[in-house]
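I opened the notebook to record what I looked up in this structure. The entries follow the order in which I went through them.

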Amino acid sequence: MVERQIYKTIRGGHQSLWSYLKDVYDSRGLILSFAIRDLKIQYAQTYLGIFWSLVQPLTGLIIFNFFFQRVIHLSLSVPYAVFAFTGIMGWFYFTALVGQAGTVLMANQQLIKKINFPRLVLPLSKALVGLVEFSISLMLLLGMLLFFRIGISSKIIFLPLVVIANVVTGLSIGIWLSALTIRFRDLHHLIPYLIGFGIWLTPVFYPTTMVPDNFKWIYYLHPVANVIALYRWMFIGLPIDFMQVACSFTMAAVMFIGGLFFFVRNEKFVADYL
Amino acid sequence: MNEVMLEVKNLSKSFRMREKRVDSLKGSIAQIFSSKKEVMEDFHALTNVSFNLHEGEALGIIGKNGAGKSTLLRILSGISQPDEGEINFYGKAVSILDIGAGFHPELTGRENIYLSASLYKFSRKTIEERFNEIVAFSGIEKFIDEPVKNYSSGMYLRLAFSIITCLDADIYLIDEVVNVGDANFQMKCKNKIEELIAAGKTLLIASHNMNEISVLCNRIILMEYGKVIETGGADIIQKYMTIALPQYFNFTEGEFFHIKNLSESPFEQKELSIVAYGLKDYHTNSGGVSVNHPFVIFLDIELTEVIHTEIRLKFYDATGALIFTCSSRQKGTMNIETTGKYHVEFQIPANLLNSRFYSVELRAVNMDKQTLLFKADKFIAIKMADDYNATDTNRELILQGLVKPIVPVAITK
């Protein structure tokens, strides 16, 4: 008998990260489909639609605006609202990735048990959903910059890179969580508290100048703080420590790649654990 | 033999079952500090499963719940991974483990079609070409832009199924999907599967519906405890019944019927007591009770009150399909009404039953009040066989159909 061409082989053992990423790339249409699905579902039958995504950051902004302007009397070179919103924007995208990516496999278990597709598509689709919501916030920020006559610096050309850094930072934790929550359901409950706690470790509502010098080393290990610092550097011209940026982003990149490996190793067992 | 389309070699899969499954951080941390060695038990969902699927073949997989059918299909679909073994596909495979799995209730029919299409890796072009065809097949043109949560369950199924019919592959892996929906929908599913078979596609179907399996599949694999225990034709279904309902159909060598002990019945025998019962005047052959001879099911009963009584026997096949009912109340038979002892004989004609397992249910009914005096499920289980090919397992000859009357044939030229 003539050897026939094998179309596909399934075997035990692990898929290489490279061939897995190729599968993910082949499923890019699915990433988009899931993102569109989520956006439609989230904002279906609402009057404000996608603009609901602004409500949470804006309420935060109003509360902290009151607190830091009336109670603490912060002096900044730019209006506090603009300062705080640059932080909120990055932080919310980050938390959306951590929170959503962390739970996305659990939320789609029916699908995972019945249809085969690269599971990484699910957290990635959440990154896309977050990007849409982020863009709405960005519009608002640009509006604020014009309203307060701050203007838009030419440094905005770095925006895509900073957004990518924002996404990678979020996924570096989100991917780990999404693979781990399958085994350890506790994380599902823990995530909101970690996020709620994290905002105080991150200069979202306060400037780093308020932080005592002997705590500043934290920012070498804090990628999100540096993402926010980059937004502030781009939009309102605050100074930045590139050493901190490089150091913390390297850490995030290592976490991200490690997360990818971990995810791929566990991918085929997800259906068994659900 | 046609060429191999799918090769499954020594497939094994086990799940770790801990004495207490650790699913929490607390448990995991506690375990690190615990001096006790964790007790682990492996649950072998699949052990050394091997089979080939040839081009144009429809292979059925049967087995009890937990026999490993779904695990096998999940592994074949790539959803789960085998511990050992190898699967080679010699063509494009598509798996249908559930219909409407990718559907979201908030999305419209149209949006769901597109979403499912990308889940099943249709190209954009295919879906656009086929969109109208899908909608027409589902017959819900009017509601295509309504969210599917507003659909009736029938509409939902029709749409989901229409998408699947547009899947184009060489090998289809199907799990139990054809057993949902109304009669019309089931018929549609079955026709579609028959169409695929006619088109020379290769199919693997896991199902609990034995009739369907016996009609659709030309080869059947029986699984039990994660192993393939037998491969063959439709006779495997009989084998399956001995495993699925061993209390009734597990006949030992040379034993062809079981008679249940009615004293264990939950029905109290007050007005009516059943004194003796059983089979008589039967012939046997090497395979079972002969279908070519008549036999008698008899009952000795005693009425202690005056009740107008009817005795009924209901014949079921092994899968639970009702074949026929016979009643003691017929033109010319004695009425069972006054107190005393009665001997009732049901004479089952020759050449009526097929070479199959049958079970008989007994009912005694108070005709005036239309209440049940006595009832016993499967009070007799019989293994029937044809004298001419009692041990022949060629399904074409013996197993098509629930009954096998002799139909006179006239051929002229």
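Four bridges join strand 1 (residues 8-11) of chain A to strand 4 of chain B, and the two run antiparallel; I count two strands as paired if DSSP finds at least two bridges between them. Helices (H or I, at least four residues) and strands (E, at least two) are DSSP runs, numbered from the N terminus.

Before going further I noted that this is a predicted model, in which local features need pLDDT of at least 70, side-chain atom pairs count only at pLDDT 80 or more, and totals for chains, interfaces and linings use all residues. Residues are numbered from 1 along each chain as its sequence is written, while chains are lettered from A and ligands numbered from 1 in the order in which they are written.

I then looked up the whole contact between the chains, which takes 36 residues from chain B and 29 residues from chain A; two residues are in contact if their C-beta atoms, placed from the backbone, lie within 7 Å. On the side of chain B that touches chain A, helix 1 (25-33), helix 2 (69-77), strand 4 (84-89) and helix 3 (109-119) of chain B each supply at least two residues. By class, I find 14 nonpolar, 11 polar and 11 charged residues on that side of chain B, with Ala, Val, Leu, Ile, Met, Phe, Trp, Tyr, Cys and Pro counted as nonpolar, Asp, Glu, Lys and Arg as charged, and the others, Gly among them, as polar.

How many of its nine residues are buried? Eight of the nine are, and helix 2 of chain B is thus mostly covered; buried means that 20 or more other C-beta atoms lie within 10 Å of the residue's own, exposed that 12 or fewer do, and partly exposed is in between, with C-beta atoms placed from the backbone. B:Lys69 and B:Arg74 are among the buried residues of helix 2 of chain B, as are B:Leu72, B:Leu73, B:Ile75 and B:Leu76. After helix 2 of chain B comes B:Gly78, with a positive phi near 85°.

Next I turned to the domains of chain B, where domain 1 covers 4-12 + 44-246 and domain 2 covers 257-389, the bounds coming from an automatic or database domain assignment. Their C-alpha centres lie 40 Å apart. The contact between them takes four residues from domain 1 of chain B and five residues from domain 2 of chain B. On the domain 1 side, helix 7 (210-216) and helix 8 (235-244) of chain B are the elements that give two or more residues.

I followed this with the open sheet of six strands in chain B, which has the order 5-6-7-3-8-9 and mixed pairing. Its edge strands, each pairing on one side only, are strand 5 (93-96) and strand 9 (227-232) of chain B. Strand 5 of chain B pairs with strand 6 (residues 171-175) of chain B in the parallel sense over four bridges, and within this pair B:Val94 has B:Tyr172 as its bridge partner.

Which residues of the largest nonpolar core touch the most other members? Of its 174 residues, they are A:Leu97, B:Ile61, B:Ala160, B:Leu173, B:Ile205, B:Ile220 and B:Ile237; such a core is a set of buried Ala, Val, Leu, Ile, Met, Phe, Trp, Tyr and Cys residues joined through C-beta atoms within 7 Å. Helix 4 (residues 80-107) of chain A gives the most to this core, with 16 residues. Leaving aside neighbours within four places in sequence, B:Ala160 is in contact with B:Ile99, B:Gly100 and B:Phe103.

My last entry concerns strand 15 (residues 309-317) of chain B, whose covered face includes B:Ile311, B:Leu313 and B:Phe315, whereas B:Glu310, B:Arg312, B:Lys314 and B:Tyr316 form the uncovered one. Nine bridges pair strand 15 of chain B with strand 18 (residues 357-366) of chain B in the antiparallel sense, and there B:Phe315 has B:Val360 as its bridge partner. Strand 15 of chain B also runs antiparallel to strand 16 (residues 322-327) of chain B, joined by five bridges, with B:Tyr316 opposite B:Leu322. Four residues lie between the strands of this hairpin, in which B:Gly320 takes a positive phi near 100°.
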